[in-house]
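Please take a look at the sequence and the 3D structure shown here. Then read on for a short tour.

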Amino acid sequence: MSVSRVMFPLSLVLFEFAVYVSNDMIMPGMPNVLREFGAAPEMTSLALTAAMLGNASLQWLLGPLSDRYGRRPVLLAGLVLFVLACLAMWPVQSIGQFIGLRFIQGMGCCFVLTVGYPTVQEAFDEKTAVRIVALMANVSLLSPLFGPLAGAAVVTWWPWRVVFLLIAAIGVIAFAGLYRSMPELERTAPGELTPRGLWRAYRVPLASRRFWTGAVMTGLAVTPLLTWIAVGPIVLIERAGLSQIDYGVLQLPVFAALIAGNVILARQVGRWSYARLMWSGIACMLCGAAVSCVGVAMVASGYLALMAGTAFCALGMGLFYGVVYRQTLFAVDGANRATVAGMLSMIMIIVSVGAIELAKSAYLAFGAQALSVSALLAVLCLSGAALSFKSSDESQAFAVKASG
């Protein structure tokens, strides 16, 4: 394989890493941000939810846009937008400006998933593409493991704005690599960039009950982990009085559990039915929610119980998410997979953002016990939806084999 063909996926995963690590690195610095702008503690979670809403904002448009104008210019434009949004953090003067820029930064993930990944699938043969995508997924998992601790180290020694300068530098390197190596493939026949044309593309998955059930399930599955990321700085730094470094260290077991779940999934995929994988993940998440509820009831502060419970939920999410995502992606026969993926991502993010904001409000009003109960309710709703989701083909094996 030529150097340029290797550079393309490496540069793309660097773009993806920059987007994800922007979420994780700033969370330890959110107390500093709030103090500088005189904002209330509940604004902490908006740093994450704004980025997630940005992630959901363009999924519906980028597929048709790249079909019409080409994937290379669209992806490069998205990377430029992301870098500019990071650099614009330096002169911000209010929490509103900060949240607005986080929304724009979150848009970067839309470009990676909707434009970048399909280009990899088309630029390489099937076997090579599967291996490349698996490698990219593993690299992206390093951001939540590395990001909180790295962000804590940065904000301990430098202003929080330096976090975004470092991320912008990563983005510039990714742009240079993509500009030199990203191929421009033959364009597919462009559809209508009109509300009517876009509706024709999206109404097929939206008419499927199984698609809706799976999309809601994916949103509920990520809720306990994302709630911990969003509310963790309030729990650990503001209320428990821990340092930013302590906060970063306490994220390690949570994200190590997530990686462990993904590793177990990779080993067991094709050996276990998808129903067994799915319910194993749900069982881990139920155990995690129970650990949080019992631990918080027994200990006043309860942050260690919340962390331990979230780690179990992350392990279960690793087992569960990939199974249900693929089943939902292929829930509708004859639909364009990019179209289904875009709509799936949008619904998932909307569900998880709503659940996160409800959990945050409950925590601020009633404390750690309310946060643990919120996680339990999310997992119970997930279990109920899973009963309906598996009923149509419970015995089907999850057919995708793990690569390499």
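The report below covers a pocket, one arginine and a pair of helices.

## The model

This is a predicted model. Keep that in mind as you read.

## The second largest pocket

Start with the second largest pocket. The space in it is about 270 Å³. A set of 21 residues lines this pocket. Closest to its centre are Thr227, Ala359, Leu371, Ser374 and Ala375.

Several helices build the lining. At least two residues each come from α11 (209-239), α13 (274-298), α14 (303-329), α15 (337-366) and α16 (368-390). The biggest share belongs to α16, which gives 6 residues.

## Arg203

Now move to Arg203. This residue sits in helix α10, which spans residues 195-206.

Val340 is 137 residues away along the chain.

## Helices α5 and α9

Next, find helix α5 (residues 71-87) and helix α9 (residues 161-181). Their axes come within 8 Å of each other. They cross at roughly 160 degrees. Angles over 145 degrees count as roughly antiparallel, so α5 is roughly antiparallel to α9. The crossing of α5 and α9 is left-handed.

Terms used:
Residues numbered from 1 in each chain as written. Predicted model: local features only at pLDDT ≥ 70, side-chain atom pairs only at ≥ 80, totals over all residues. Heavy atoms only, no water. 1 Å grid on protein atoms, 1.4 Å probe; cavity = no way out; pocket = protein on both sides within 12 Å on 5 of 7 lines; lining within 4 Å. Points joined across faces, edges and corners; volume = space filled by probe spheres on them. Helix = DSSP H or I, 4+ residues; strand = E, 2+ residues; numbered from the N terminus. Axes fitted to C-alpha atoms, helices over the stretch in contact; angles between N-to-C directions. Parallel < 35°, antiparallel > 145°, perpendicular 65-115°, else oblique. Left-handed = near helix turned anticlockwise from the far one by under 90°.
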